Every structure is written in C-alpha cells, then in structure tokens.
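Keep the sequence and the structure in view while reading.

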Amino acid sequence: MTEVEANDGPTPVLDLGAVVGELTVEDDAASDDVSLEGLEQELQDYKTDDVVAIILSKGTKLRDYTKDVENNLRQIELDSIEDYIKESDNLVSLHDQIHDCDTILAQMEKLLSGFQAEIGSISSDIKVLQEKSMDMGLKLKNRKAAESKLAKFVEDIIIPPRMVDIIVDGEVNEEYMRTLEILSKKLKFVETDTMVKTSQALNDVQPELEKLRQKAVSKVFDFIVQKLNALRKPKTNVQILQQSVLLKYKYVILFLKEQGKEVYLEVRAAYIDTMNKVLSTKIRAYIQALEKLQLDIATSSDLIGIDTRSTSLFSRGREPLKNRSAVFALGERINILKEIDESALIPHIAEANSKKYPYEVLFRSLHKLLMDTAASEYLFCDEFFGEQSMFYDIFAGPFSVVDEHLNTILPNCFDAIGLMLMIRIIYQHQLIMSRRRIPCLDSYLDKVNISLWPRFKMVFDMHLNSLRNANVRTLWEDDVHPHYVMRRYAEFTASLIQLNVDYGDGQLELNLERLRMAVDDLLVKLAKLFQKQKLQTVFLINNYDMTIAVLKEAGSEGGKIQQHFEELLKSNTTIYVEELLVEHFSDLIKFVKTRASEDPSSSSERPLTVTEVEPIVKDFASRWKAAIELMHNDVITSFSNFLCGMEILRAALTQLLLYYTRLSDCMKRIAGGSALNKDLVSISSIMYEIRKYSRTF
C-alpha cells in the first residue's frame with residue numbers, strides 16, 4: 001500500500017500509551033537529567049495534534065525524527081549563510097546608507113533643537129506682545145469712550161457760528177425752529193448735566209448761550225405777537241389762520257414754555273385776550289344779525305284760555321295772521337330737530353331773501369356756530385399750547401355775550417312750543433359734543449338747559465292758569481261746534497306730546513295731565529251754559545271728537561290723554577243717542593223701558609193689553625221714516641265732523657231697531673196682539689233704512 005492510499009483511508013486511532021510504552025530508553029549520560037514529570041499531561045495535550053498523529057501512525061521513532069529535524073535545520077542554516085554571503089555587498093551598502101542617514105538625522109536633530117530653542121524664544125516674545133496688545137486695546141477702548149463722551153460734550157456745549165447767525169439774523173421759519181430745538185437741547189444740557197457744571201468750558205459758553213436764549217425768546221415773542229395781531233383784523237377767518245399758519249409754529253410756543261416762562265405767560269395772556277375779544281365781537285355781531293330775522297310767534301296774551309275777541313288788532317304786532325297758528329300747533333317747526341346738525345344760517349343771505357324764522361331756528365343756528373367754534377378752539381388750544389384749560393378763559397367773553405342775549409330773549413318769550421324745541425335742541429347738541437368727545441361745552445349747555453326749563457314751566461303755567469281762571473261767560477258762544485279754546489288745547493297738547501316721543505319726560509307728562517284736567521272742567525262749564533241738555537251733549541261730543549282727531553294727526557303717541565277723550569266721547573255719544581231717540585220716539589222708548597219686560601199672563605195690577613200697545617204701534621208706523629229723516633238732518637247740522645255724525649246716526653238707528661225689536665217681541669206675548677200685525681213695520685224695512693243711511697256714510 002502506498003503512502004497516499006494510506007492517507008486516503010480511515011485514520012487509525014492510536015493508543016499513545018501503548019506506543020510510548022514500547023519505547024526503549026537508552027542509557028546515556030543525559031538520561032539521568034531528563035525528567036518525565038508532566039509527560040503524561042503533554043501526551044494528552046498532543047493526542048489530537050495532526051503532526052504527532054502522522055508520526056505515530058508511521059511508527060517513526062522519535063529520535064530518528066529528531067535527527068531528521070536537526071539535519072534539516074542545519075541545512076537551512078547553511079543555506080542562509082550562503083545567501084548572506086552572496087548579499088554581503090548589498091548589506092555593506094545598506095550599512096553605509098544607514099550610517100549616512102544617522103549622520104543626516106543627527107544634523108537635523110541638531111537643527112531642530114535650534115529651531116525649538118528659537119520657537120521657545122519667539123513664544124515668550126509673542127506672550128509679551130499679546131500682553132502689550134491687550135494693554136493697548138484697553139487703552140484704546142478707554143480713549144474711544146473718553147473721545148465719545150468728550151465729542152458729545154463738545155458737540156452739546158459748543159455754539160456753531162451758523163446757529164448764532166440763524167438765531168440773531170434769521171427769519172422765523174422751519175430752519176429757525178430746528179435751530180431753536182438745538183439751542184433748547186444745549187440749554188437743557190448746561191442746566192442738567194453734572195459734568196458740565198464742573199467744567200471750565202461752562203464759564204466760556206454759558207454767557208453766550210444766555211445771550212442767544214434771550215435773543216431767541218425776544219424774536220419769537222415779536223413773531224407770535226405779530227401773528228396774533230393778524231387775528232384781530234376784520235373779516236379774518238380765525239380757524240383757517242390757526243390751522244394753516246399758527247400750528248406750523250407750535251414748537252415756538254414749546255420753546256417759550258421751556259426757556260422763557262415769563263414771556264410764554266405774556267403770549268398766553270395775549271392770545272386769550274385776543275381770542276376773547278375777537279370771538280365775543282363775532283358772536284355779538286352774529287346775534288345782532290340774527291335778531292333782524294326773528295319772527296315773533298307768541299305774546300303774553302297768546303294763551304289757551306284767553307278770549308281772542310278781547311285782544312285788540314293793534315296789539316297783535318305786525319306778523320302775518322298765518323303765523324298765529326304756530327302759537328299752539330307744532331306743524332313744520334319740528335323739522336328743526338331733523339336739521340340739528342345743518343350749517344348755521346348766513347344772516348345776510350336770509351335777510352336778502354326777506355326770510356323770517358321762529359326763534360328756535362335762530363337759537364339752533366347760534367348754538368351750532370358756538371358749538372363748532374368752541375370745538376375748533378378747544379382742539380387748537382390743546383395742540384398749540386398744550387393747555388385745554390385755556391379754552392374756558394377764552395370763551396368767558398363769548399359765553400357772557402350769549403348769556404346776555406338769552407337773558408334778554410327768555411323773559412319776553414311766551415312761546416311754550418318754541419321753548420320746548422330749544423330744550424330738545426340743547427339735548428341734541430349735548431349728544432353731538434359727546435360723540436365728538438369734546439367736553440368743553442358740557443357746563444355751558446347744562447346751564448342753558450337749566451335756564452330754559454323754568455321759563456317753559458312758567459309759560460306752561462300761564463296757559464294752565466288761563467284755563468283755570470277763564471271767564472266762562474266771556475268765552476261762551478252760542479255754537480255747538482268745537483270751541484277755539486279746545487282747539488288750542490288740542491294742538492298745544494299734541495305738539496308737546498310729539499316733542500316728548502323720544503324723550504319720555506315724566507315731568508312734562510304730569511304737566512299735560514294737569515292741563516287736561518283744567519280743560520275738562522272748563523269745557524263742562526261751557527257746555528252747561530247751553531239751555532238744552534241735548535245741545536250740551538252735542539257741544540261736548542264735537543269738542544271731544546275734534547281733540548281726538550288733532551291728537552291722532554300728531555301721531556300714535558296720544559297715550560292716556562287720547563284714551564281719556566275717547567272714553568268721554570263714547571259715554572256722551574251714548575247719552576246723545578238716547579236723547580235723540582227720546583225726542584222722536586219717546587212713547588216707544590218709555591214703554592219698552594217700563595212695560596216691555598213684564599209678563600202679560602202675570603196677575604199684575606195693570607196687565608199689558610192690546611189697547612195699551614196699539615197707539616204706540618200705529619204712531620211708529622205712521623211717522624218712523626219721517627222721524628229718521630229728521631234725526632238725520634239733526635245729526636248733519638249738529639256735528640261738524642261728518643264721519644262722527646254718521647257714526648252717531650248709525651248708533652241711534654241701531655238702538656232704535658233694538659227698541660222696536662223688543663216691542664215686537666212684547667206684542668207676541670200679549671193676548672190678541674196678532675191683530676196689530678198689519679200695523680207693525682217689518683224689521684227688514686227698518687234695516688233697509690239703516691243701510692240707506694249707512695251708504696250715505
């Protein structure tokens with residue numbers, strides 16, 4: 001078997017112990033020095049080693065194998081020596097090269113050592129330079145800070161020649177105001193900066209700054225006084241001058257306030273005095289122009305309960321008679337409240353057109369002008385002077401002029417409608433100023449309002465007393481149509497109710513209730529002067545109907561007063577219907593009210609009989625149409641309001657039908673009553689007549 005075949009076959013498992021056990025140890029000189037301790041362990045360790053396994057599988061002795069190995073090593077050593085000898089030249093050359101490299105490296109080491117020493121020296125120099133640089137940087141920073149402060153100090157304290165030229169010789173314009181601003185900053189700097197006060201430069205600069213301040217204050221004072229004098233010129237539009245000219249120089253006022261307090265107070269006083277006089281003059285002139293346009297509406301004799309016949313035509317004044325209706329009726333005068341924010345009247349245009357106005361129109365126009373002027377002046381004072389309180393000093397004069405005017409007008413004003421319109425105008429103006437957020441007229445408008453109410457109350461009480469103290473016999477006229485006093489009352493009440501719609505003034509409502517009670521009493525007294533009860537009732541109905549109509553024309557706000565007169569009208573209409581029917585059908589009504597409800601079969605002392613009813617039936621049948629015609633004519637002539645008269649006639653005919661129906665029902669219950677059927681008028685015939693008159697209605 002070859003070696004390859006042996007290797008390809010299964011590897012035999014060897015027993016190392018058996019192999020070793022067969023080894024023969026030769027006795028030699030070294031055997032005594034060999035120790036077998038640990039051999040067993042080593043054999044176990046190499047048991048799985050491939051080389052050992054191959055050796056053992058071949059059965060080679062270890063000594064032989066060792067000798068082979070030694071021989072191989074010796075041969076390899078000899079080969080290596082031979083190769084070394086062959087390469088000896090190269091090795092010598094390599095040795096020389098290594099030696100040269102060592103020499104070069106030694107030189108470089110020496111050179112680098114020198115560099116290292118120099119670098120160390122440079123590093124110490126850099127540290128020194130760095131310290132110097134930091135020191136110089138700190139010094140530079142300090143110097144820059146000092147330079148900045150010094151530059152600002154120099155800039156704030158020096159006086160440039162250009163600034164001196166402008167302050168001394170320049171005109172007051174935008175450049176001048178910018179220069180004033182710079183001067184003001186320098187003056188504040190000198191006064192407030194603690195560093196300046198200890199500086200030597202202050203001694204040089206302060207006198208010059210003071211001279212400039214005095215020059216600037218003097219110059220702007222003259223300039224402002226010149227502008228204020230322009231306000232005094234006639235026909236000057238003050239608002240335009242304020243807005244387009246003065247406001248451009250408002251810094252001048254601020255400069256005076258800060259750097260020339262005494263001069264500022266003089267300017268302030270001069271402006272207050274100027275505007276006080278200018279506005280007072282303008283408002284006085286406007287009032288005088290308005291007075292030429294005044295249309296007198298009422299005099300002290302124009303009261304509800306005064307007899308118009310007792311007033312002379314010469315005491316009426318020169319106003320047209322068509323204006324007399326405005327004493328008690330509101331009419332188109334209420335339009336003034338819808339035009340509350342319209343522009344004020346221009347008197348010369350109105351005068352050229354020969355127009356006259358009730359006083360409330362002039363009152364609104366005056367207060368519209370006052371309100372707009374006050375708002376403009378209040379805002380100007382706030383913006384130009386920075387003082388709102390100046391307004392009240394300025395307007396003390398205009399307020400006094402208006403107060404003087406009102407104190408002249410109000411004691412001679414007997415127009416209650418006009419006074420109430422003025423009260424409403426003041427209220428609307430208060431709302432307008434509130435929406436503008438300008439409170440300058442609050443106290444003034446309150447004062448005017450407080451002065452108007454007592455005057456209105458006094459005039460109202462005059463009307464009330466004229467009713468309470470009226471001479472009934474003087475006022476009475478033998479006429480059942482609406483009385484002129486009642487028409488005055490109706491128009492007057494309707495006007496005040498209309499003026500109270502959006503205000504809900506409880507005090508006014510109480511006064512109107514007092515007036516109603518007074519007119520009720522007077523009307524009843526006037527009615528009682530008529531001889532016949534029927535005429536009294538007709539008189540009351542006509543007046544109540546007219547009053548309700550007037551209240552309704554004024555609007556749907558008649559309220560309790562209108563309801564009161566409607567109830568009186570209803571109750572008096574019922575009375576009149578009964579009186580009218582009794583006048584024409586007294587027997588029928590008397591029978592129906594006293595006998596128709598009795599039972600004919602009852603055992604009464606006087607039972608109902610045909611004999612008792614027959615005259616009534618025949619009388620009605622013979623003249624009922626003629627009686628209705630007479631009733632119609634009576635109603636037509638008695639009532640001034642056709643519609644009211646027709647309503648009353650309809651009510652009377654309806655009541656007549658009810659009476660006759662009860663009579664017919666009564667006859668059916670009377671024994672033998674059927675004998676009168678031929679004389680009975682059919683209900684349908686009466687209904688036809690009623691419808692005929694209803695068609696007329």
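Axes are lines fitted to C-alpha atoms, for helices over the stretch in contact, and angles run from 0 to 180 degrees between N-to-C directions. Helices (H or I, at least four residues) are DSSP runs, numbered from the N terminus. This is a predicted model: local features need pLDDT of at least 70, side-chain atom pairs count only at pLDDT 80 or more, and totals for chains, interfaces and linings use all residues. Residues are numbered from 1 along each chain as its sequence is written, and side-chain values use heavy atoms, without hydrogens and water.

**H12 against H16**
- The axes of H12 (residues 250-259) and H16 (residues 359-385) come within 8 Å and cross at roughly 60°.
- Lys250, Ile253 and Lys257 of H12 meet Glu383, Phe384 and Phe385 of H16 (contact: heavy atoms within 4.5 Å).
- Three of these residues are nonpolar, three are charged and none is polar (Ala, Val, Leu, Ile, Met, Phe, Trp, Tyr, Cys and Pro are nonpolar; Asp, Glu, Lys and Arg are charged; the others, Gly among them, are polar).

**H16 itself**
- Of its 27 residues, 22 are buried, so H16 is largely enclosed by the rest of the structure (buried: under 20% relative accessible area, 1.4 Å probe, protein chains only).
- Glycine 386 follows H16, with a positive phi near 70°.

**Histidine 463**
- Histidine 463 lies in H20 (residues 442-468).
- Histidine 463 counts as buried, at 1% relative accessibility.
- Leaving out residues up to four places away in sequence, histidine 463 touches Asp302, Leu303, Ile304, Phe328, Phe414, Ala416, Phe492 and Leu515.

Notes. Helices (H or I, at least four residues) and strands (E, at least two) are DSSP runs, numbered from the N terminus. Buried means under 20% relative accessible area, exposed over 50%, partly exposed in between (1.4 Å probe, protein chains only).
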